Every structure is written in structure tokens, then in C-alpha cells.
Amino acid sequence: MPTLSFDGVLVIALAAVVVPAVLALAPRLPVPGAVLEVVAGILIGPSVLGWVHVDAPIQVLSDLGLGMLLFLAGLEIDVGGLRGPLGRLASWAFGGSVLLGLACAYVFSLAGVGGKPVFLTVVLVSTSAGLLLPLLKDAGLHRAPFGQLVMAAAALAEVVPVVMLSLLFSAASGTSAGRLSSLAALLALLAAIGLALGRVRNLAALDRLLDRLEDRSAQLRVRAALTLALAFAVLASRFGFASILGAFAAGLLVRTIELTNRAPHPQFQVKLEGIGFGFLVPVFFITTGVQFDVRALISNPAALAEVPLFLLALLVIRAAPAFLYARLIGMRRAGAAGLMQATTLTFVIVATQIGIASGQVSRTTGAALLAAGLLSAALFPAVGVKLLSAEGSAARVPSLMGRRTRQFLQRPQVRRHAKESAPGSRIIRT
């Protein structure tokens, strides 16, 4: 049996401690922690200091971190919010992003830039909802129409790309009919499991059992949620899809049956986030930086030139359709929403790994896409917050509504949706 070394894991763990400490000491630094974690991985990796190389323990923990990240991403998404009027408006904007994405990707293809057009489209229409939620909460806007609209758009731009990535580029079957039939069978099985679990979850005896064991060493509710995520990931893999699809679906299911329309245990989600963001997810982000080949990107002028092109494409594809929101929230806030929608990182990391493995993009183009994602996460949210603050304090933004906005909010279905999202409701927004 080969001897396993955990020296690299220790260095990554130390980096995971240093990054939030730096952010705490520099609170005005407008950079998400995930960006700094990837940068930290670049610094300690072979490209710069050479302290860490990806070995078996690091790879296993990174894979677990990726699954946990997608599970938590699914846990954040309010599927009910996508069915309301704000969701429909976000859907129109997302449709515009898809059309712009296809146009940009085919222009890149004709110019010999980037990879396969459809793959680039899937990557460029994505948004990282997990990076936006803390910003909206800090600004006090996550329950305002502006924040709900941004989160509905971000949720849509996270769900659809994950499904399309799994369907088109990570399925084992070589034919379109085979991939569609495999996806339909997988989704039907996951839905059947979800319906069964939903019925079992409504049993009063199970509720009492979970509450009794939740605050003891058993931690039954947390164990069951993580086991469900692992089981769905294994099922997705058995059907020939990337395990991230199963982990993401498990997060959506746990959100539906555990956090919606019931009073959840107050520490349940905190415990899950502690396991994920406390250790596994930072390992994934830092390992991504360790694997990032800076030298190959810098030594290739053509690949280096792709970085600003991809960054501009993200801005055009995701920000331009957000101006459909102008009649509801005003032109300035529509611009801020567009910048936030153009923020992507998590999905780009996952997609580039799959794209390189499946031959959709070269390794240098994958590095250029990742660099553009890092820049979007570092720049666009900060500029969006500046646009909002230019109108006044964050607390005043929800009140700066025009006549059309007030009329829109008086519609019965919008008022009902806002009431369900109010702090006193039983629906918990993550």
C-alpha cells in the first residue's frame, strides 16, 4: 500500500485560514473570498512557489469539495421564486443571454478564438448565485424587488447551465437520443425518490426523531442530507453524467422538503455550510488555483488575448439583457443587476475541467476562461455596488421606485410572492 502524504493538504488548509483573515483585516477589499482562494492556490502551486502539487489526498478532498459546493448551490435556490412574475422577467432576460451567447460563441469560432461554440455558450451564460447573495444581504437588498430579481436571474443561470453541461458534455452516451433518454430516466428516478422522501418527511414521528437527534452526536438530519447528496451524485455517475448534477439536484430536493413551507431546525443549514465552507469548499477553490497553469497562459500571447475577450463577452451576454428590468427598477439599478448577473466563477471552474477533459476547449483556453471568471468575480460586483451606492445609501434603494414599479408591486401575485419571502414567513431564504 503506497504511503500517503498530507503535507500538501496542510499547506492548503493553512491557506484556507489565511484568506478569510486577510479579508477580515481589509474589510474594504471588494473581492469575494473564492477569488482570493483561487489566487492563493496559484501562489502556493507549481506556477509560483511550488509548495503544493495535486496528489491523491488533495484530489479526493477537492472532489468532495466540488460536490459539496454544488449541493450548497442547490440549497440556495428558491425554485418557487422562479415561478412568479419576477421569475418570468428573469427568464426573458436569460433567453436574451442565450441568443447573445450563441452569437458571440460563433463569432469567436469563426475568428479561431476559444473552443466549441455550444460549450462556450453554456459557460458564458452562467452566473454564480453563491457569490451574489452575501453582497445583496450586506446591502439589505436580498428581500427587496431588486435583490429578488437578481437572485431569480442568478438561480436560472445556474440551474440551466448545470443541466446543459451534464446533458451535452459529460454524458457517457455518444448519441443525442441516448443522452436525452438517460437524462429523462435519471430525472424521473430522482423525482420519484424526491416524492417518496417528501411523503416520509411529513411523518410526525420522523419529525420528532430528527429533532431529538439533531443536537446530539448523531446529527441525524445533517447525516441524512449529506448521504442524500452522495447518493444522488453516485446515481448521476451511474447514468453516465457528471456527479455534480446529482449533488445539485440533492440540494434542490433538501431545500424543497426541509427548508420550504416548514419551520426548519435553526442550525441545520448553518451546520451544512460549516462542513462545506469551513473546509471542503475552500480546498476545492485552492486546488483549482494550484492546477491553474499561469506559465502556459502567459507564454501564449493568443491565449492571453482571449482573457479580455471572454470578460467582455460575459459583460455583453449577461449584462445587456438586464436592461429589460429598467421599467421595473430603473436604468441605473438595471445596470447594477446586469453587472451582478455577469459575475461567474464556480460554474466556470467546473465547466473548464469538463471541457478540457472532453476536448471542447484547449488547456490554455480553459485557463483564459478561468482568468476571465476570476476577473468578473473581482470587478463586476464591486462596480454594481458602486452604482447602487451612487443613488444613495443601500437602505434607501428599495424606496427609490417610480410609479411603474409601485404599480407592479401592487399586483396580487407579486404581493403574495413578497409576503412569502418576508422575514416572518416560514420560507427561509438562503
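This is a predicted model: local features need pLDDT of at least 70, side-chain atom pairs count only at pLDDT 80 or more; totals for chains, interfaces and linings use all residues.
Modeller: Take helix H10 to start.

Biologist: Which residues of H10 are buried?

Modeller: They are Arg221, Val222, Ala225, Leu228, Ala229, Phe232, Ala233 and Ala236. Seen down the axis of H10, these buried residues fall within an arc of 130°, so they line one face of the helix.

Biologist: What span should helix H10 have, and how far apart are its end C-alpha atoms?

Modeller: Count 1.5 Å a residue. H10 runs over residues 220-238, which is 19 residues, and should span 27 Å. Its end C-alpha atoms are 26 Å apart, which agrees.

Biologist: What follows H10?

Modeller: Glycine 240 does, and its phi is positive, near 90°.

Biologist: Now the rings. How many aromatic pairs does a search of the whole structure find?

Modeller: The search finds two. Look at the distance between ring centres and the angle between planes. Planes over 60 degrees apart count as edge-to-face. Phenylalanine 108 and phenylalanine 310 have ring centres 5.7 Å apart and planes at 80°, so this pair is edge-to-face.

Biologist: Where do phenylalanine 108 and phenylalanine 310 lie in the chain?

Modeller: Phenylalanine 108 is in helix H4 (residues 85-110), and phenylalanine 310 is in helix H14 (residues 301-319). They are 202 residues apart, so the pair links distant parts of the chain.

Biologist: Are phenylalanine 108 and phenylalanine 310 buried or exposed?

Modeller: Buried means under 20% relative accessible area. Phenylalanine 108 has 10%, so it is buried. Phenylalanine 310 has 0% and is buried too.

Biologist: What kind of pair do phenylalanine 284 and phenylalanine 285 make?

Modeller: Their ring centres are 5.5 Å apart and their planes are at 50°, so the pair is tilted. Phenylalanine 284 is buried, at 1% relative accessibility. Phenylalanine 285 is buried as well, at 4%.

Biologist: Where is leucine 49?

Modeller: Leucine 49 is in the loop between helix H2 (33-44) and helix H3 (56-76). At 44% relative accessibility, leucine 49 counts as partly exposed.

Methods. Residues are numbered from 1 along each chain as its sequence is written. Side-chain values use heavy atoms; hydrogens and water are left out. Helices (H or I, at least four residues) and strands (E, at least two) are DSSP runs, numbered from the N terminus. Buried means under 20% relative accessible area, exposed over 50%, partly exposed in between (1.4 Å probe, protein chains only). The expected span of a helix is 1.5 Å times one less than its number of residues. The arc is that of the directions from the helix axis to the C-beta atoms. Rings of Phe, Tyr and Trp (its six-membered ring) pair if their centres lie within 6.5 Å; planes under 30 degrees apart count as stacked, over 60 as edge-to-face and the rest as tilted.
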